[in-house]
Amino acid sequence: MNDIDDTTPPPGTLETERLLLRPPLPEDVPAIFEACQDPEIQRWTVVPSPYRREDAEFYVHKLAVDGWAGARNPVWCVFEKATGTLVGTQGLSHRGPGRAEIGYWATAASRGRGFTLEAVRAVCRWGFAERGLRRIEWTAYVGNEPSRALALKAGFTMEGVLRSYGEQRGEFHDVWMASLLAGEQERA
Ligand SMILES: CC(C)(COP(=O)(O)OP(=O)(O)OC[C@H]1O[C@@H](n2cnc3c(N)ncnc32)[C@H](O)[C@@H]1OP(=O)(O)O)[C@@H](O)C(=O)NCCC(=O)NCCS
């Protein structure tokens with residue numbers, strides 16, 4: 001008997017009150033392509049700029065597939081359950097033993113509704129519980145105040161500035177580093 005029925009969510013799926021997070025699928029390419037035209041996503045993340053349809057295809061067919069296959073760099077598309085709309089992506093990249101870095105963006109249209117915070121909390125909870133992480137890191141280029149405020153609200157502790165640390169398309173930026181340790185999330 002097959003014990004996986006139609007109601008079993010695919011592996012890697014996470015659900016919160018308002019959101020569904022699942023590994024990217026080919027059908028997500030158009031929405032990812034559209035979302036990544038946003039200048040703020042291009043300014044503050046490592047996505048290619050200009051962002052082409054092939055870049056969304058590469059993310060879905062290569063980065064996401066490899067990330068899940070090696071189990072080291074899982075990524076998710078984040079959907080509002082009520083509408084089925086893509087509202088963002090999340091990623092958790094392996095950085096060392098028991099240590100990973102969270103990364104995210106939100107579609108311009110969905111910002112300010114607490115979706116990213118809800119998704120970050122779910123991904124961190126999963127990382128600690130399912131991956132046994134000890135430390136989840138957050139970095140952002142210095143000046144990314146929205147992301148910094150979000151990380152603080154999620155319970156991260158700011159640790160300082162790492163100079164000329166974060167590479168973005170061949171250029172290095174100063175970054176803020178913060179971390180959330182196992183057990184701290186419950187107290188946030
Ligand atoms: C940063 C980003 C992901 C925030 O997404 P969002 O869905 O709007 O965030 P949320 O609605 O979940 O915000 C949660 C909290 O973060 C903080 N925050 C988010 N956006 C903020 C802003 N523009 N100014 C100040 N604080 C902000 C607030 O504390 C907010 O809680 P509140 O609304 O109760 O005050 C979004 O602006 C984005 O995609 N930016 C471009 C890409 C990027 O910077 N990615 C992160 C790279 S490190």
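**Exercise 1. Find the residues that line the largest cavity, and say which element gives the most to this lining.**

Start with the lining: V78, V87, G88, T89, Q90, W105, A106, F115, T116 and A119. Here a cavity is a set of points, on a 1 Å grid over the protein atoms alone, where a 1.4 Å probe fits but cannot get out, and lining residues have an atom within 4 Å of a point. (Strands are DSSP runs of E, at least two residues; helices are runs of H or I, at least four.) Finally, sort by class: 6 nonpolar, 4 polar and no charged residues.

A word on the model: it is predicted, local features need pLDDT of at least 70, side-chain atom pairs count only at pLDDT 80 or more, and totals for chains, interfaces and linings use all residues. Residues are numbered from 1 along each chain, and side-chain values use heavy atoms, without hydrogens and water.

**Exercise 2. Describe the surroundings of the ligand.**

First, count the shell: 21 residues surround the ligand, and the closest are A106, G114, T116, N144 and K153. Being near means having a heavy atom within 4 Å.

Then look at backbone atoms. A backbone N or O atom of Y104 lies 2.8 Å from a ligand nitrogen, while a polar backbone atom of G114 is 2.7 Å from a ligand oxygen. For L117, a backbone N or O atom sits 2.9 Å from an oxygen of the ligand.

Last, pick the main contributor: α5 gives the most to the shell, with 5 residues.

Note on methods
A polar contact is a pair of N or O atoms within 3.5 Å; within protein, one must be able to donate a hydrogen and the other to accept it, and residues adjacent in sequence count only if both atoms are side-chain atoms. On a 1 Å grid over the protein atoms alone, a cavity is a set of points where a 1.4 Å probe fits but cannot get out, and a pocket is an open set with protein on both sides within 12 Å along at least five of seven lines; lining residues have an atom within 4 Å of a point. Ala, Val, Leu, Ile, Met, Phe, Trp, Tyr, Cys and Pro count as nonpolar, Asp, Glu, Lys and Arg as charged, and the others, Gly among them, as polar.
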